[in-house]
Amino acid sequence: MASPIATLGGDQAYSFPAARLQQTLNDPSKTPLVVVACGSFSPITHMHLRMFEMAVDHVKQNMSDVYEVVGGYMSPVSDRYNKAGLASAAHRVRMCELACEQTSDWLMVDHWEAVQTEYQPTAVVLDHIAHEINTVLGGISVSGLTPDEKKPACVMLLGGSDLLQTMSQPGVWSMPDLDHILGNYGIFVIERSGSSVADALAPLREWSEEIGKEWVGNIHIVRQLIANDISSTRIRQFLRWGMSVHYLLPSVVIEYLREHGLYREEPPNTKGKEKADSAAPAVGAAGAT
């Protein structure tokens, strides 16, 4: 396998991935929808992949009169996101690519965020993907009409309820970023055990009303019918302890971890105990620098 370090470069080497993007709507009356997950993916797990499938099911069951999902993107954070246990962006991007190639026929990995020399807030990443699809590509073609007729895709963020909780904590996210994400894009929130969606929604509703906006209507709660609490933090711990991670993440990712010896040692400055994911600023938050 080629070295992953060679696969990432600056903007000159960047090309937006669109090979799996559905270029034409099956139903011309609907709005094309693209789902985007930003995160560390250190490493990617089956839970990350399942989140996309749950979001698609939610759209089919609750929003199919309006939307048609045409694509899904993972956007791993850059090395500028300071967090204990974070493997290099090159490794994390490659693991995501391998997982998508092995397990999915529609998910893609956009490495634009990963190659940036400065940390990029989630709002900027969503702007980037919307620009690539709607401006550079011109949108999604409408079937049954002239080939040149296209519709702009709606881009929505995908995350867990723990992400929504950070959004409801004063000072973690900037108000302009919250307004941009929740007002202009929207978010699918996957329920997770130990995170109260209702508690997180209350302050967000209050803040949006104070500025005369309606955010809550753009927050789509996705129920977990089968509980899945796999986390990258636990995976890293298992690897350091020499425990099996089979069936918790794709086999091709396990092989990659083995080949490159990732997560076998304690991350620096944790004194034998890695900080929980929630200890670091939320990906995309104002405090994540």
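I began at K213, which is partly exposed, with a relative accessible area of 38%. The model I am reading is a predicted one.

I then looked for the partner of K213. Its side chain meets that of D179 in a salt bridge, N to O 2.8 Å. This pair links distant parts of the chain, 34 residues apart: D179 sits in helix α6 (residues 175–185), K213 in the loop between α7 (197–210) and β8 (219–222). Is D179 buried or exposed? I noted a relative accessibility of 18% for D179, so D179 counts as buried, the limit being under 20%.

How many does a search of the whole structure find? I have seven written down. One of them joins the side chains of R92 and D79, at 3.6 Å from N to O. Here too the pair links distant parts of the chain, 13 residues apart: R92 belongs to helix α2 (residues 89–103), while D79 is in the loop between β2 (67–76) and α2. I looked up the accessibility of both ends. R92 is buried, at a relative accessible area of 0%, whereas D79 is partly exposed, at 47%.

R94 forms a salt bridge with E97, and their closest N and O atoms are 3.1 Å apart. Both residues lie in helix α2, with a spacing of three residues, about one turn of the helix. E97 is partly exposed because its relative accessible area, 22%, falls between the limits of 20% and 50%. On the background, I note that side chains of opposite charge can pair when their charged atoms come close.

Helix α8 was the next entry. How many of the nine residues of helix α8 (residues 232–240) are buried? I have seven of the nine, so the helix is largely enclosed by the rest of the structure. The buried ones are S232, T233, I235, R236, Q237, L239 and R240. After α8 comes G242, and I recorded a positive phi for G242, near 75°.

I then checked the nonpolar cores. The largest has 46 residues, and I44, M74, L158 and F188 are those with the most contacts inside it. Which helix gives the largest share of this core? I found α1, with eight residues. M74 is in contact with A37, F41, I44, L49, F52, C96, C100, L107, M108, V109 and D110. Apart from this core lies another, of 41 residues, including I129, A130, I140 and V189. For context, nonpolar side chains tend to be buried together in soluble globular proteins.

Q120 counts as buried, at 16% relative accessibility. What does the side chain of Q120 reach? I noted the backbone oxygen of E118, at 3.2 Å. Leaving aside neighbours within four places in sequence, Q120 is in contact with W112, E113 and V125.

How values were computed: Residues are numbered from 1 along each chain as its sequence is written. This is a predicted model: local features need pLDDT of at least 70, side-chain atom pairs count only at pLDDT 80 or more; totals for chains, interfaces and linings use all residues. Side-chain values use heavy atoms; hydrogens and water are left out. A salt bridge is a side-chain nitrogen of Lys or Arg within 4 Å of a carboxyl oxygen of Asp or Glu. Helices (H or I, at least four residues) and strands (E, at least two) are DSSP runs, numbered from the N terminus. Buried means under 20% relative accessible area, exposed over 50%, partly exposed in between (1.4 Å probe, protein chains only). A nonpolar core is a set of buried Ala, Val, Leu, Ile, Met, Phe, Trp, Tyr and Cys residues joined through side-chain atoms within 4.5 Å. Contact means heavy atoms within 4.5 Å. A polar contact is a pair of N or O atoms within 3.5 Å; within protein, one must be able to donate a hydrogen and the other to accept it, and residues adjacent in sequence count only if both atoms are side-chain atoms.
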